[in-house]
Amino acid sequence: MFTGIIEATGFIESIEAKGGDARYVFNTGKLDLTDVELGDSIACNGVCLTVIEKLSQGFAADVSVETIDVTCMKNYQQKDPVNFEKAMLPTTRFGGHMVSGHVDAIGEVVSIEEAARSIQYKIKAPKEVLKYIAIKGSITVDGTSLTVNDLEKDQFSLNLVPHTLQETIADSYQVGTQVNLEIDLIARYLERLMNADKAE
């Protein structure tokens, strides 16, 4: 489980094909790995990955073909920027919202505009996840917990303040950039609860 508060940014050091799957090596920048053990989870652009090897400036993770197919990882290349967050502890300050690290869909940046000192991003989302997105609700974009400002047809908008732009990879986004989306867990479970009787 994660909170969506990015702890550090880094980049992909290398990608190696492994029998249909892939092994990713990440340079984690300033992320403190002293308390990370083999088998621990780290969210990489919102994708929960397992540490299989600790390195001097990062870690390695094996990524299944399923994860590659349903996330933006299929588009990633060496040196691409990455948001990192270690799995939360019981004592972690809960600054974001509940994030599982399981990507629900891929979105696409369709507009980037200045809005005073912040930047407004409009992101197109697939129809199947739009029903879970609410104005002033939470959504995870590449692992970052953000607040939805507006909804319009097949897209939603976000305003990112300078601190968020500085501490995440959002400042590297361009129109056409694809991003990992995870909907609010509460919305997912609420739908299940409301439709439980229909499933019987």
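So, look at Ile-106: it stands opposite Asn-180 in strand 14. Before going on, a caution: this is a predicted model, where local features need pLDDT of at least 70 and side-chain atom pairs count only at pLDDT 80 or more, while totals for chains, interfaces and linings use all residues. Residues are numbered from 1 along each chain as its sequence is written, and side-chain values use heavy atoms, with hydrogens and water left out.

When I say strand, I mean a DSSP run of E, at least two residues, and a helix is a run of H or I, at least four, all numbered from the N terminus. Two strands pair if DSSP finds at least two bridges between them. Strand 8, residues 105-115, pairs with strand 14 in the antiparallel sense over 4 bridges. Strand 10, residues 138-141, also pairs antiparallel with strand 14, over 2 bridges. There, Thr-140 has Glu-182 as its bridge partner.

Now the core. A nonpolar core here is a set of buried Ala, Val, Leu, Ile, Met, Phe, Trp, Tyr and Cys residues joined through side-chain atoms within 4.5 Å. The largest has 24 residues, and Tyr-121, Ile-139, Val-141, Phe-156, Leu-158 and Tyr-173 touch the most other members. Strand 8, strand 10 and strand 14 are among the elements that each supply at least two residues of this core. Apart from it lies another core, of 23 residues, including Leu-49 and Phe-84.

Leaving out residues up to four places away in sequence, Tyr-173 touches Val-109, Ile-112, Tyr-121, Val-141, Asp-142 and Val-179, where contact means heavy atoms within 4.5 Å.

Strand 11 (144-147) and strand 13 (155-160) each supply at least two of the lining residues.

Notes. Buried < 20%, exposed > 50% of the residue type's maximum accessible area, 1.4 Å probe, protein only.
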